[in-house]
Each structure stands twice: as structure tokens, then as C-alpha cells.
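Open the model in your viewer and keep the sequence panel beside it. The tour below goes from one selection to the next and says what is found at each stop.

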Amino acid sequence: MVKVNLGGCSSFVNDADYKEYLAKALDAFDVLENETGAGNDFLGWKHLPSETPESLISECEAVKDAWTAKGVDLVVVIGIGGSYLGARCAIEALSHNFAKQLAGKKEAPEVVFAGNNLSEEYLAELMDLVAQRNVATVVISKSGTTTEPAVAFRIVKEYIEKTYSDASERIVAITDASKGALKTLSTQEGYKTFVVPDNVGGRYSVLTPVGLLPIVLAGFDVREMLAGAAEMEKALAVKGGENEAVKYAAMRNLLYSKLGKKIEVLVSYNPKFQYLGEWWKQLYGESEGKDLKGIFPASVNFTTDLHSMGQFIQDGDRVLFETVVNVEKSNRTVIIGSDPQNLDQLNYLAGKNVEHCNAMAQLGTKLAHIDGGVPQIEVSIERIDAFNLGGLFYFFEFACGLSAYVLGINPFNQPGVEAYKKNMFALLEKPGYEEQTKAIKARL
Ligand code: PA5
């Protein structure tokens with residue numbers, strides 16, 4: 001269960017202001033729950049945890065079983081933005097930190113990601129790996145027309161078709177139910193397909209097949225993830241000042257609007273959560289950053305980044321606040337030993353576990369940053385596992401919808417993403433863009 005602690009903001013805000021923003025967040029709650037706000041045809045994510053049928057999970061497992069039977073040991077997951085960040089976040093969070101290097105038989109194929117950039121070196125090096133392994137691919141694009149995944153898929157598909165007689169059985173597409181180039185190709189080639197529901201946008205899609213299939217393929221328990229999300233779905237459906245998402249939405253909007261804290265830094269103290277930061281940045285950045293408004297979402301990993309970004313957070317321009325993802329319990333124990341010579345002078349820590357040091361670093365940093373003028377929101381989970389991660393996904397999605405409505409923004413569109421695409425298509429001389437090509441060339 002996700003818990004929000006606003007104690008680290010109390011010296012920055014007064015009760016009256018918090019009450020004002022709590023009231024705004026409660027109004028936003030009504031808008032989200034009654035489905036009366038902008039973008040309300042994209043609210044399918046709200047009931048995914050409780051309504052995902054067991055048959056969908058079994059279908060994902062059937063793909064895993066079929067590929068295991070073929071000896072597949074590498075799955076290339078192709079997608080960008082909301083079509084890959086949730087899966088990547090979950091797989092990184094739930095994997096052993098050194099899964100690749102550990103000896104022994106692997107229980108699941110290795111999952112790697114592609115189609116999330118246009119780097120030629122990245123693709124060439126991906127193909128170096130692909131050439132050494134037994135490969136299958138999952139291509140994910142709701143629109144079915146996004147350039148980055150389309151380019152990567154063309155290359156991986158060509159390789160699979162040249163290499164395997166059962167090529168079409170090694171390709172699964174996750175896309176719209178009826179439209180788009182990927183849907184057309186899948187029907188023509190007979191690929192197994194999964195549907196991205198019409199009423200779920202990319203960045204809210206981690207609990208659809210977009211996230212579930214790659215997570216299943218990587219060997220993790222999506223039933224537990226959905227159960228954790230379902231618990232949050234139930235908890236967050238209760239209106240009130242103690243609703244954890246309402247509290248978070250109220251405080252971050254208060255810090256932004258009244259105190260000019262325009263940057264929110266998502267902090268974690270566990271390297272496994274690096275991609276939680278990437279997923280969260282996309283969710284909040286694409287949902288809120290429009291109409292010349294929005295909190296700029298950034299992320300850091302402490303204590304690593306205390307030795308890089310820590311200086312700015314402590315002493316730089318006072319425009320930011322932190323949201324710390326607090327993990328209460330470590331899944332592993334490492335005790336610091338005693339050393340008779342004590343040359344490193346660490347014997348005062350002998351007998352303590354490393355997570356105790358991490359917790360004290362976290363507390364010391366909290367106090368230092370508050371002293372330095374950085375308010376801190378704490379979002380706690382018990383431990384890093386599939387159940388809690390599911391809860392965290394749902395919590396941040398729900399709170400994002402609320403927050404954007406407090407700001408007066410449609411959380412479910414992304415009109416700004418089109419601008420670069422138009423220029424890129426014009427520069428690449430895509431048919432149909434002749435006028436833009438002429439205009440853009442005149443500017444260069
Ligand atoms: O959140 C979103 O809607 C976007 O980030 C999309 O997921 C991203 O642009 C990829 O789109 P598509 O799945 O259509 O290829």
C-alpha cells in the first residue's frame with residue numbers, strides 16, 4: 001500500500017493554503033471519478049487492475065511458453081514512450097542487479113529494448129547481439145505509425161524473416177484493435193496480436209498488454225502486480241483528505257502555484273528504481289506540460305547523485321521540491337564486518353546492515369535539503385516487489401490525473417509531441433510533406 005507523508009513540507013506551507021489546495025484536489029477527484037473532465041474518453045486505465053481478465057494473463061503466458069519451446073533466449077521489445085517505459089521500469093525494478101552476469105541457467109529469456117531512439121550505433125549493436133542469440137520480438141505501437149519503433153521493427157523483422165522458417169511465430173504485435181500500419185501488417189502476416197484498448201493512452205498503459213506481456217516474458221508475476229494495483233484502485237476510490245493521491249496532488253500543486261516550485265525531482269535510494277524515474281517523468285511531463293503550464297519532472301538516484309546533483313539541490317536556485325520514493329524494507333541483508341586494523345575507520349558501523357546506512361543517508365539528506373529550502377514529499381512502499389510496484393504505478397497514474405485537473409489541463413493528450421515529427425518528416429522528405437520540406441529548407 002502506497003503512503004504519502006507531507007511532513008517534509010510543513011515548514012514551507014501554511015494550513016490555510018493546504019486546505020485551499022486540498023479542496024481543489026477534492027474537486028478534481030469528482031471530475032476524475034465522475035468522468036466529466038477533458039480527455040474523459042481516455043479513462044480506461046482506472047479499472048484495469050480490477051477488470052483485467054485472467055485469460056489475458058494466460059494469453060501472455062502462452063506466448064512465453066511457445067517461445068520457450070523454441071529455445072528463444074532473447075526478446076527484443078520494440079516501442080517508445082508509453083509503449084516501453086512501464087515494461088522497462090518493471091523489469092529493471094524486479095530483476096537482480098546483475099542478472100546478466102550471474103552464472104547458471106536463466107529461467108526466462110533476456111528482454112532488451114529497441115525502437116526508443118534513432119541511434120544507428122544502437123541498432124547496429126543490437127543486431128550484433130541478435131546475431132548471437134535465439135530471437136523473438138514484441139513490437140508495440142498504439143498508433144502503429146511511430147517512426148522510431150517502425151524503423152527498428154523493419155530491421156529486426158528482416159533479420160527474423162531471413163533467419164527462421166517460423167518467422168511469423170516469433171513476432172507479436174501490440175497495437176490498436178483495428179487501425180494503423182502495424183495492425184494491417186499483422187493481419188497480413190498472421191502475427192499474434194494483443195490490443196491496446198482505445199480508451200487507454202500510452203503512458204497509462206503499463207497494466208495493459210503493453211506492459212504485461214514484456215513483464216511476463218521477463219519472468220515476473222503480473223498477477224501480483226495487478227493485485228497491488230487493485231488494492232490501490234480500491235483505496236484511491238475513497239474520496240477524502242486522507243486519500244493518498246489527493247494529498248500528493250494537493251501538495252505538489254500548492255508548492256508549484258504558491259511557492260513557485262516549478263521543478264519536481266523524483267528521488268529514489270535504490271538503483272533498481274532508475275527507470276521508475278523515467279516512467280514517472282514521461283507520465284507527468286506528457287500529462288501536465290502543456291498550455292504553458294506544468295511542473296517540470298526530473299529524477300535522481302541517491303546516494304549516487306548526491307555526488308553530482310546534490311550540490312544543486314542543496315544550494316542552487318530554489319525552484320525545486322523533492323518527491324522521495326521511500327522503500328521501507330530491503331529484500332536482502334548485507335552486514336558490515338569488523339576489521340581489526342580499522343584503517344578505513346568504519347568499525348563504528350560494524351554489525352550494522354547496509355540498508356541502515358542508506359536509511360540514515362536518506363534521513364540526513366531530507367533534513368539537509370529541508371534546511372536548504374527544498375520541501376519534501378515522501379511516497380512510501382514496503383519493499384520492491386511486483387505487488388508494491390503495481391500499487392505505485394496505479395498511485396502515480398491516479399494522482400497524475402488529479403494533479404492535471406487541479407492545474408486545469410487535459411492529462412490525456414500530448415499535442416506538443418507532434419511538432420518535432422512534422423519537421424523530421426519534412427527533413428526526411430516523407431511523401432505528403434513537400435510544402436513543409438520547402439518551408440523548412442528555406443529556414444536552414
Ligand atoms: O503516452 C503516449 O501516448 C506516448 O508517449 C506514446 O506512448 C508514444 O508516443 C508511442 O506511441 P505509439 O504507441 O503510438 O507508437
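On this tour, two residues are in contact when heavy atoms of theirs lie within 4.5 Å. Keep in mind throughout that the model is predicted.

**Stop 1: N410**

Select N410, in the loop between helix 14 and helix 15 (418-427). Is N410 buried or exposed? Its relative accessible area is 18%, so it counts as buried, the cut-off being under 20%. Now show what surrounds N410: setting aside neighbours within four places in sequence, its contacts are A38, G39, S287 and K290.

**Stop 2: the nonpolar cores**

Next, select W45, F273, W279, I377, F395 and F396. These residues have the most contacts inside the largest nonpolar core, which has 100 residues. Which helix gives this core its largest share? Colour helix 14 (residues 386-407), which supplies 15 residues.

Stay with F395 for a moment and display its surroundings. Not counting residues up to four places away in sequence, F395 touches V2, V4, M232, L236, E244, A245, Y248 and V379. Then move to L123, V130, A167 and A173, which are among the 22 residues of a second, separate core.

**Stop 3: the ligand**

Select the ligand and the 13 residues around it; S83, S141, S143, T146 and Q282 come nearest. What is the make-up of this shell by class? Colouring by class gives 1 nonpolar, 9 polar and 3 charged residues.

- From K142, a backbone N or O atom lies 2.7 Å from a ligand oxygen.
- From G82, a backbone N or O atom lies 3.0 Å from a ligand oxygen.
- From E286, a polar side-chain atom lies 3.0 Å from a ligand oxygen.

**Stop 4: G310**

Finish at G310, in helix 12 (residues 310-315). G310 counts as buried because its relative accessibility is 8%. Leaving out neighbours within four places in sequence, show D305 and H369, with which G310 is in contact. To end, draw a line between the C-alpha atoms of G310 and L255: the two residues are 55 residues apart along the chain, and these atoms are separated by 20 Å.

Terms used: Residues numbered from 1 in each chain as written. Predicted model: local features only at pLDDT ≥ 70, side-chain atom pairs only at ≥ 80, totals over all residues. Heavy atoms only, no water. Near = heavy atom within 4 Å. Polar contact = N/O pair within 3.5 Å; in protein donor to acceptor, adjacent residues only side chain to side chain. Nonpolar A, V, L, I, M, F, W, Y, C, P; charged D, E, K, R; others polar. Core = buried A, V, L, I, M, F, W, Y, C linked by side-chain atoms within 4.5 Å. Buried < 20%, exposed > 50% of the residue type's maximum accessible area, 1.4 Å probe, protein only. Helix = DSSP H or I, 4+ residues; strand = E, 2+ residues; numbered from the N terminus.
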